[in-house]
Amino acid sequence: MNLPNTKRIHATIITIGDELLIGQTIDTNSAWIATKLNEIGIHVQRRIAVGDVKEDIESALTEESQRCQLMIITGGLGPTADDITKPLLCEYFDGQLVENQEVLAHVKSIFEKRNRPMLESNLKQALVPNTCTVLFNEAGTAPGMWFEKNEVVFISLPGVPFEMEHIMTAHALPKLKTHFVTPEIYHRTLVTAGEGESFIANRLVHFENQLPDTIKLAYLPKLGVVKLRLTSHVCTAKEIDQWFQQLQSILADIMIAAEDVELEEVVFNLLQSRKANLSIAESCTGGLLSAAITGIKGASNIFTAGIIPYATNMKVNLLDIPAERIEQYGVISAETAEAMAKNCLHKTQSTYALSVSGHLEKQKDETFVWIGLADQHRCISYKVPVYYGRKKNAVFVVNTAFNLLRKFILND
């Protein structure tokens, strides 16, 4: 079945598991799947979470199949008793469970490599409905399954994120691209930092009024960062680019990237382009800055060290900041933040150093964090007020610190 190019493909994502409904597990699968489907021109119209109840799952399948042409189902494919998705789908699509020899050999090889005993429940992973097309799972034991019924495609995937992502990327998405003919969707994303969503919207009033109905502008705010996305499935790439250039011109002073990237990636690319490296001394953020940088492939090319002198005496012992200096100015001060950055730079022999020290919990007076930046010729600090709870403040400080570092490098 190949649907005509004029027909928009609608999809529903169904996540299965009691742990999702009680909040024990956060559903990241739906967001990832929706992003990937959107990239190939498939519109996600609903995301539904269902518990491990047979009747509820069947009801969701029946109801949603009346509204969409594609259904992605995640979860319930494991070897334990509460994993009911596979037998349910076998019954729903009038099939019988049969042993798939390729899957069986793969499962056996996994346990042999790990030198682990094979249980009967593990062998059952090779049983699949004879009414499905198997989507092989090289990353785990539970295969994905592709069903078709009444011109609707149903794809069942494991709930384990890295297994689900592997099957989608390697098998499901390529198959969907050939099965459905979809209109191209063009996106352009601008990343800004240092100005809130409402202030940006105020600057873009005239721009939005002039924007044609065929192009949509979306605001995607995070703590300290706002992404703006132009989208159209009607306009050409050239038309989108023309409007995107206008957007860049209006927000040039706060723009940090003309593509959908995170702040740490911008800093990473900037350092790499200059053949420079970075060290970090962070107190209140407890390693979040270092973790963000080292989460990028190739971080060893630009990152020398991360020091977490959380306690005051560790700022003395690890960074050689005189105790008298801390006592004179305070552990949370411009002088201490600058000393942390400067001493971290010298200890690690890096091109740039970044430091953070402050409060993430609300104080009686003002709550703030000091951020220090240093290279061989400069050492400066910034006082950054924070307004949220502890976790949100940590994210805000990380984004703010990376943006200040970006500006510091560019002004070298």
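## A parallel pair

Strands β1 (residues 9–16) and β3 (residues 70–74) run parallel and are joined by 5 bridges. T15 has T74 in β3 as its bridge partner. Strands count as paired if DSSP finds at least two bridges between them. Helices (H or I, at least four residues) and strands (E, at least two) are DSSP runs, numbered from the N terminus.

This is a predicted model: local features need pLDDT of at least 70, side-chain atom pairs count only at pLDDT 80 or more, and totals for chains, interfaces and linings use all residues. Residues are numbered from 1 along each chain as its sequence is written, and side-chain values use heavy atoms, leaving out hydrogens and water.

## The six-stranded sheet

An open sheet of 6 strands has mixed pairing. Its order is β2-β1-β3-β8-β7-β6. The edge strands, β2 (42–50) and β6 (133–135), each pair on one side only. Neighbouring strands are turned by 20° against each other on average, direction ignored. Strands of a sheet pair through backbone hydrogen bonds, either parallel or antiparallel.

## The four-stranded sheet

The open sheet of 4 strands has antiparallel pairing, in the order β10-β11-β9-β12. Its edge strands are β10 (216–222) and β12 (255–257), and each pairs on one side only. From one strand to the next, the twist averages 30°.

Look inside this sheet at β9 (residues 186–193) and β11 (residues 225–232): they pair in the antiparallel sense over 8 bridges. A193 stands opposite V225 in β11.

## Two crossing helices

How do α3 and α4 lie to each other: parallel or oblique? The axes of α3 (residues 54–64) and α4 (residues 85–92) come within 11 Å and cross at roughly 50°. Axes are lines fitted to C-alpha atoms, for helices over the stretch in contact, and angles run from 0 to 180 degrees between N-to-C directions. The two helices α3 and α4 are therefore oblique to each other. Angles under 35 degrees count as roughly parallel, over 145 as roughly antiparallel, 65 to 115 as roughly perpendicular and the rest as oblique.

In α3, K54, I57, E58, L61 and T62 meet L88, L89, E91 and Y92 in α4. Contact here means heavy atoms within 4.5 Å.

## Helix α15

Helix α15 (residues 334–348) has 15 residues, which should span 21 Å at 1.5 Å a residue. The expected span is 1.5 Å times one less than the number of residues. The end C-alpha atoms are 21 Å apart, which agrees.

The buried residues of α15 include A334, M340, C344 and L345. Buried means under 20% relative accessible area, exposed over 50%, partly exposed in between (1.4 Å probe, protein chains only). Just after α15, Q349 takes a positive phi of about 55°.
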